[in-house]
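The tour goes from one selection to the next.

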Amino acid sequence: SEQARDQADMENEDGRVKKLEYDRQEALLIQKAQGLMIEYWKKEKERPVLEGTLQQAEAEVQAARRKAALGMLSQPELLEAEAAVCTAQAAEASGKTKQEELRRQLIVMTGWQYDDLPRLREIPIPEEALLEEDPESDRTQALAANFSLAADRRRLENTDSGTAKDVLNQKVEAGQQKIEADIEAKYNSLMQAQTDYGQAKEEYRLAEEKLEADERRYQLGLLSANDRMAAQAELSSKKAAWEISGLSFRQAYEDYQWAVEGLAAYEG
């Protein structure tokens with residue numbers, strides 16, 4: 001009799017619980033689509049770096065072949081330069097393939113046909129000065145808004161005393177602690193991402209200054225064409241790192257907002 005009662009208590013789903021589960025699934029789909037969009041634009045920002053690396057490798061292999069023809073370069077060194085071109089080509093092709101996979105997955109998720117060509121607009125980076133996150137109040141809001149916690153609290157209301165109720169009580173208590181810990185962890189990740197973004201921005205600024213100096217040296221004949229190309233590639237790399245860091249900052253911001261709005265980790 002007790003086992004039958006406990007089993008009945010476990011079957012405590014009502015319309016409100018099911019609505020919470022549907023709302024949670026909808027929010028998870030939106031969050032996933034946002035993540036795919038960010039990953040797509042990260043690949044887009046990587047493309048100039050991959051193309052620049054390939055151009056530099058091709059220029060270096062041409063120089064290596066000229067040296068090898070004059071007996072100034074060994075065969076293993078020439079093969080190494082040619083291998084660098086193959087590696088750069090493979091990296092560029094892989095990046096394009098992954099980006100296209102992300103695009104197709106994203107447009108299907110948002111209701112388009114797989115071969116449609118909607119415009120994917122660029123993602124804005126959060127303004128650092130406008131961040132107003134307050135971990136204390138956000139923690140309270142996260143506990144009130146969490147879909148899974150609300151569903152289990154509703155299940156508790158529908159459950160008579162007994163083993164099932166004890167299990168649910170323990171789950172709710174542990175879940176509340178998990179939500180609070182997740183909000184704190186995501187807030188720390190957001191602050192770290194903001195710091196990383198600022199640092200990457202400064203490194204890009206310094207790379208711009210260095211390239212300006214290198215351009216003057218090149219005009220005076222104090223810098224070779226290959227060294228100039230390397231300096232340009234370095235600037236491109238720093239710019240991509242800054243832009244990708246900005247997208248990671250955006251991802252951390254979205255992760256934190258979704259945690260506050262009901263998707264904080266509830267179970268381990």
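At roughly what angle do the axes of helix α4 (residues 135–145) and helix α6 (residues 163–219) cross? Before selecting them, note that this is a predicted model, in which local features need pLDDT of at least 70 and side-chain atom pairs count only at pLDDT 80 or more, while totals for chains, interfaces and linings use all residues. Residues are numbered from 1 along each chain as its sequence is written, and side-chain values use heavy atoms, with hydrogens and water left out.

**First stop: α4 and α6**

Select residues 135–145 and 163–219. The axes of these helices cross at roughly 140° and come within 10 Å. Helices here are DSSP runs of H or I with at least four residues, numbered from the N terminus. Axes are lines fitted to C-alpha atoms over the stretch in contact, and angles run from 0 to 180 degrees between N-to-C directions. α4 and α6 are therefore oblique to each other; angles under 35 degrees count as roughly parallel, over 145 as roughly antiparallel, 65 to 115 as roughly perpendicular and the rest as oblique.

Now show side chains. On α4, pick Pro135, Arg139, Ala142 and Leu143; on α6, pick Gln176, Ile179, Glu180, Ile183 and Tyr187. These residues make the contact, meaning heavy atoms within 4.5 Å. They divide into six nonpolar, one polar and two charged. Ala, Val, Leu, Ile, Met, Phe, Trp, Tyr, Cys and Pro count as nonpolar, Asp, Glu, Lys and Arg as charged, and the others, Gly among them, as polar.

**Second stop: α6 and α7**

The contact of α6 with α7 has 21 nonpolar, six polar and twelve charged residues.

Select Lys45, in helix α2 (residues 15–69). Is Lys45 buried or exposed? Lys45 has a relative accessible area of 12%, so it is buried; buried means under 20% and exposed over 50%, with partly exposed in between (1.4 Å probe, protein chains only). Leaving aside residues up to four places away in sequence, Lys45 touches Glu122, Ala240, Glu243, Ile244 and Leu247. The side chains of Lys45 and Glu122 are joined by a polar contact of 2.4 Å. A polar contact is a pair of N or O atoms within 3.5 Å; within protein, one must be able to donate a hydrogen and the other to accept it, and residues adjacent in sequence count only if both atoms are side-chain atoms.

Terms used: Helices (H or I, at least four residues) and strands (E, at least two) are DSSP runs, numbered from the N terminus.
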